[in-house]
Amino acid sequence: MSRFFVGAWASRLRCRQRRTVSRSCLVVLLCSLAAANTQAGSDPPATLAYSNHVDATSTETAPPLTMEEAARLAAVDQPLLTGRRAKIQAEEQQAVAAAQLPDPQLSGGLKELPIDTPEAFSTRRDNFTEFTIGLSQEFPRAEKRRLQGARKQLDADADRAALDNEQRMVRRDASLAWLDLYETVQGLKLTQRLADEATLQVQSLEKDYSNGKASQADWFAAKTDAGLAADKAHDWLHHELRMREGLARWIGDDARRAVAESLTMPDTLSPLPGLIAGADHHPVIGNLDKQIEASATEVALARQSYKPDYSVEVYYAYRRDFADFVGIQFKVGLPYFTKNRQDRGVAAALEQSHVSEDRKRDLLRELHTQISQDYVDRRHFQERVADFDASIIPDAQHRVDAALSAYQSGRGGFDAVLLARRSLLDVQLQRLALAVESARAQTRLDYWSASKTFSGESP
C-alpha cells in the first residue's frame with residue numbers, strides 16, 4: 001500500500017512538473033508575441049495562400065514608398081495633365097489667330113457676255129464683254145478683332161486654372177490611394193498577428209483536450225475561431241492587392257514597392273475661417289472667374305455687331321479688241337434690322353454671364369460646405385486617435401499584462417490571456433482606421449488650400 005501512495009505521489013509530481021514546463025513555454029511564447037506586436041515595422045508570417053505575390057512584385061532595392069512621394073510621382077508623365085497643357089498651348093495659338101484680319105480673297109470671271117443678239121456668246125464682237133480678276137479684303141473693326149483674340153486667350157487662362165486644379169486632384173487622389181494601401185498593409189499585419197494568437201489558442205486547447213482538461217466543443221470552437229481569423233487576414237490581403245492596383249493607376253510599377261510604416265500628419269490644424277477664405281482663391285473658382293470674364297467679353301462682342309464692318313475689292317477687266325478696265329468697290333454692312341438679330345445676341349450673352357455668376361456663388365457655397373465637413377472630420381478623428389493613444393490602447397495593454405500575470409501565478413486561465421491579446425489587436429485595428437480617416441480628411445483639406453504649393457510643379 002505504501003508503494004502505491006509513493007508511486008501516485010511521484011506521478012502527480014511529474015504531471016505538475018510537465019504542466020509547469022508547459023506553462024513556462026507558453027509564457028515565453030506569449031512574451032515573444034507581445035514583443036513582436038510592439039516592435040515597429042515587424043512583418044507578419046507569410047502563411048496565406050498567395051501572400052508571396054506582394055513580396056514578389058515589390059521592388060526590393062527601392063526605399064519604402066511614402067505618401068508624399070506617391071503624390072509627387074503621380075504628377076510625372078500624367079496623361080491627364082499633359083493633355084491639358086497641350087490644350088492650353090492650342091488655345092493660345094488660336095488667340096493670336098483670332099485677332100488677325102481675315103485672309104484676302106481672289107476672284108475671277110467673265111462679265112457682260114451677250115446671249116440673244118448676233119453677237120451671242122462671242123467674246124470679241126461685243127465691246128462690253130470682259131474677263132475680270134480681282135482681289136478683295138474684309139476689314140472687321142479693330143475692337144472686334146481684339147475682343148475675339150481676348151476671348152480665346154480667356155479660354156486658355158481658364159484651362160490654366162483647370163490645370164492647376166487637376167494637379168491638385170492628381171495629388172489628392174494619389175494620396176488617398178496610398179492611404180487605402182497603407183490601411184490594408186497595416187491591417188494585414190495586425191490581423192495576421194490575431195490569426196497567430198488564435199492558432200496558439202488551438203494548440204493550447206488541443207493539449208488540454210488530450211489531457212481531459214478541455215471539452216471537445218471548446219477545442220472545435222477554438223479551431224473555428226482560428227479559421228475565421230485566418231480568413232479575415234486573407235480578406236485583408238485581397239484588399240491589399242486591389243489597393244496596389246488602384247495606386248498603380250497613378251504611379252505605375254512604383255505601387256509594387258513596400259509602403260512606409262509611418263503616417264506623418266501635421267500636428268496643428270489651420271483655423272477654419274482661414275481655410276474657408278482660401279476657397280475664394282482656389283483654382284476651381286479661378287476657372288469660373290475666367291468664364292465670367294469670357295461671358296463679359298461675349299457681351300462686348302455682341303454689342304460690336306451693331307457697328308458695321310466693311311470690305312474693299314480691286315479688280316482688273318480685260319477685253320480682247322477693246323480698252324481694258326480697272327476698278328475698286330467698297331462694301332459696308334447695314335445692321336438696321338436689329339430686333340431679331342443683334343438685340344437677341346446681346347440678350348443671350350447677358351443671360352450667359354448671369355449663369356456664370358450664379359454658378360460661382362453656388363460653387364462657393366459648395367466649397368465652404370465641403371471644407372467645413374472635412375475640417376469637422378479631421379478634428380473628430382484626430383481627437384478619437386488621441387483618446388485611443390491616451391487611454392484605450394494602454395488599458396487594453398494593461399488587460400493583457402494582468403491576464404498574463406494571473407496566468408503565470410496560476411490564478412487565471414490561458415484563454416483569458418489570448419482573449420485579451422485579441423482584444424488589444426482589435427483595438428489597434430480600430431485605431432488604424434481612425435488614423436487613416438484623419439489623414440484622408442487632411443488630404444482633402446490640403447486640396448482645398450489655395451496656398452498649397454508643390455515642388456517641381458507649375459500651376
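**The sheet and its helix pairs**

Colleague: In what order do the strands of the open sheet stand?

Modeller: In this predicted model, the open sheet has 4 strands with antiparallel pairing. Two strands pair if DSSP finds at least two bridges between them; helices (H or I, at least four residues) and strands (E, at least two) are DSSP runs, numbered from the N terminus. The order is β1-β2-β3-β4.

Colleague: Why is one side of β1 and one side of β4 left without a neighbour in the sheet?

Modeller: β1 (105-111) and β4 each have a single partner strand. One side of each lacks a neighbour because both stand at the edges.

Colleague: What limits apply to the model, and from which number are residues counted?

Modeller: The model is predicted: local features need pLDDT of at least 70, side-chain atom pairs count only at pLDDT 80 or more, and totals for chains, interfaces and linings use all residues. Side-chain values use heavy atoms, with hydrogens and water left out, and residues are numbered along each chain, as its sequence is written, from 1.

Colleague: Which residue of β4 is the bridge partner of V312?

Modeller: β3 (residues 310-318) and β4 (residues 325-332) pair in the antiparallel sense over 8 bridges. A hairpin of 6 residues joins β3 to β4. In β4, the bridge partner of V312 is F330.

Colleague: Which residue of β3 stands opposite I133?

Modeller: β2 (residues 130-139) and β3 pair in the antiparallel sense over 9 bridges. E138 has S311 of β3 as its bridge partner. Opposite I133 stands Y316.

Colleague: Which residue of β2 stands opposite K111?

Modeller: β1 and β2 pair in the antiparallel sense over 7 bridges. The residue of β2 opposite K111 is E130.

Colleague: How many charged residues does the contact of α8 with α9 have?

Modeller: The axes of α8 (residues 283-304) and α9 (residues 342-408) come within 8 Å and cross at roughly 170°. Angles under 35 degrees count as roughly parallel, over 145 as roughly antiparallel, 65 to 115 as roughly perpendicular and the rest as oblique; α8 and α9 are therefore roughly antiparallel to each other. By class (Ala, Val, Leu, Ile, Met, Phe, Trp, Tyr, Cys and Pro nonpolar; Asp, Glu, Lys and Arg charged; the others, Gly among them, polar), their contact has 12 nonpolar and 6 polar residues, and its charged residues number 6.

Colleague: And how many charged residues does the contact of α4 with α5 have?

Modeller: α4 (residues 79-98) and α5 (residues 142-210) pack at an angle of about 170°, with their axes 8 Å apart. They are therefore roughly antiparallel to each other. Their contact has 9 nonpolar and 5 polar residues, and its charged residues number 11.

Colleague: How many of the 8 residues of α3 are buried?

Modeller: Buried means under 20% relative accessible area, exposed over 50%, and partly exposed in between (1.4 Å probe, protein chains only). In α3 (residues 67-74), the buried residues are M67, E69, A70, A71, L73 and A74. The helix is mostly covered, and its buried residues number 6.

Colleague: What percentage of the 459 residues in the protein is buried?

Modeller: The protein has 10 helices and 4 strands. Of its 459 residues, the buried share is 39%.

Technical notes: Axes are lines fitted to C-alpha atoms, for helices over the stretch in contact, and angles run from 0 to 180 degrees between N-to-C directions.
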